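Visitor: I have a structure open and would like to go through it with you. Could you take my questions as they come?
Guide: Gladly, please bring it up.

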Amino acid sequence: MEEIGYLMIQIFILLFMAEALGKLMGRIGMPDIIGYIGAGIIFFNLTVFTDLGTALEFDIDDVTGDHSHFLNVMGQLGLVFLLFGIGLETKLSDLLDIGKHALIIAVMGIIFPFFGGIALAYAFGAEFGSAVMLGTAIFAMSAAVSVKLLQLLGITDTILGRTVIGIAIFSDILCLILLAVNTAIVSPSSEGSLIADLAAIIAFVALIFLFIAHTKHRRKHHADLIDRLNIKVDISHRDLFTIGVILCLGFTAASYVVGLSGIVGAFLAGMYFAEFEKTTHIRDHFETLTKFLLPFFFIMVGLRLRLDDMTLNALYIAIALAFVAIVTKYAGGYLGARACKVKPEVSGFLASCMVARGDIAIIVATLALSMELFGTDMYAAIIIMAVITQVTAPALMKKAYARIDPKNPVLSGSEGDV
């Protein structure tokens, strides 16, 4: 059989396992990404401890050691389109309307875990670069878990729900920018170029935000241009989707050029595209594309979890990491909300919504592993920590929500601050 034939069989088995385990996780109330990661873990260990690897000509070292390998590229594309999709739901105009409270709470929810993670890393004897990346890995909240529970509680369109979503949006933006900055700090592109790298990152992000702001200001003018162009060229939904893909990949490529992670450019491209009302229907197309590609990224996460190299130490690190991640995130969110004069019971709910970790933590762990800043134990510990926090967060949110008076104005749909 030709090499491409073996690759097709590998893809079939991996996707089948990922979808099956993802659906199983959904049935028991867990995020589907845990199933995707589980598929990678199971497949890898079957190839190591049985003859499956030989039968399928699958060599894990070739896959994880080659960043241009098909599975790696598919995973990275899934990640890029995921961030573009998140950006599509994040208008700059909406961010400005959310208010300063969400921003303050998001910032406090980043500072505490970041320094808590660094302190824990030094307690484990880590060096500076590893400590910074560990702090980075635990400061981003998982918006998906929080938003899903908001929907179940039926409070997405209330003041409280919009505030949680605002915190998640600001947190995502700040975390992506800080991820790029921290990566430049621990691994500058060349010796002595740290200041130049940081300047390029700040300038790039600032220019993109100014570009988006200009588009927002001139949105009606641009919309008229699109309408006129549509009359002459007949732009279909498919054409707009193609334009979106090109824009996404262009911003992603530009991010890599200035030393940023490509996902930052993809997110900013989505924010830019979101300003055009005519393009909102392409979200469904991108969601379909992302659902197909994204499992590859989490499959790769599982494939890198080499149980034959792991020790019991990984579990001890994960438990300590989960404790620090939960306590620091809750403390940061609660104190940030109290600083904004939010009532204690509402502050507790907002803080509990920030506890879960997800995609960003796993992305940072994967990046740090590829940079040889994390070993197998630390990499595994971060993934276990993400799972623990995702299980813990819903229980904390439900308990905190029960303490809020049903007549509290934050549970109404009217405008205003928390």
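Visitor: Is Glu57 buried or exposed?
Guide: Glu57 counts as exposed, because its relative accessibility is 53%; exposed means over 50% relative accessible area, buried under 20%, and partly exposed in between, with a 1.4 Å probe and protein chains only. The model is a predicted one, in which local features need pLDDT of at least 70 and side-chain atom pairs count only at pLDDT 80 or more, while totals for chains, interfaces and linings use all residues. Residues are numbered from 1 along each chain as its sequence is written, and side-chain values use heavy atoms, with hydrogens and water left out.

Visitor: Where is Glu57, and what is its phi?
Guide: Glu57 sits in the loop between helix 3 (52-56) and helix 4 (60-65), where helices are DSSP runs of H or I with at least four residues, strands are runs of E with at least two, and both are numbered from the N terminus. The phi of Glu57 is near 55°, a positive value in a residue other than glycine.

Visitor: And what about Glu372?
Guide: Glu372 also is not a glycine and has a positive phi, of about 65°. Glu372 lies in the loop between helix 18 (359-370) and helix 19 (376-401), and it counts as exposed because its relative accessibility is 72%.

Visitor: Stepping back, how many helices and strands are there?
Guide: The protein chain has 19 helices and zero strands. Of its 418 residues, 51% are buried.

Visitor: Which residues touch the most others in the largest nonpolar core?
Guide: Those are Leu71, Leu303 and Ile382, in a core of 99 residues; a nonpolar core is a set of buried Ala, Val, Leu, Ile, Met, Phe, Trp, Tyr and Cys residues joined through side-chain atoms within 4.5 Å. Helix 15 (residues 282-303) supplies the largest share of this core, with 11 residues. Another core lies apart from it and has 25 residues, among them Leu150, Cys340, Leu350 and Met397.

Visitor: What does Leu71 touch?
Guide: Setting aside neighbours within four places in sequence, Leu71 is in contact with Ile11, Leu14, Phe58, Val63, Phe296, Met300 and Leu303, contact meaning heavy atoms within 4.5 Å.

Visitor: New topic: how do helix 7 and helix 10 cross?
Guide: The axes of helix 7 (residues 100-123) and helix 10 (residues 159-186) come within 8 Å and cross at roughly 45°, which means that helix 7 is oblique to helix 10. The axes are lines fitted to C-alpha atoms, for helices over the stretch in contact, and the angles run from 0 to 180 degrees between N-to-C directions. Angles under 35 degrees count as roughly parallel, over 145 as roughly antiparallel, 65 to 115 as roughly perpendicular, and the rest as oblique.

Visitor: Which residues meet there?
Guide: Residues of helix 7 including Ala102, Ile110 and Phe114 meet residues of helix 10 including Thr163, Phe170 and Asn182. The residues of this contact divide into 12 nonpolar, four polar and no charged, where Ala, Val, Leu, Ile, Met, Phe, Trp, Tyr, Cys and Pro count as nonpolar, Asp, Glu, Lys and Arg as charged, and the others, Gly among them, as polar.

Visitor: How many residues of helix 8 are buried, and what do they pack against?
Guide: Nine of the 10 residues in helix 8 (residues 128-137) are buried, and these pack against helix 7, helix 10, helix 16 (313-339), helix 18 and helix 19.
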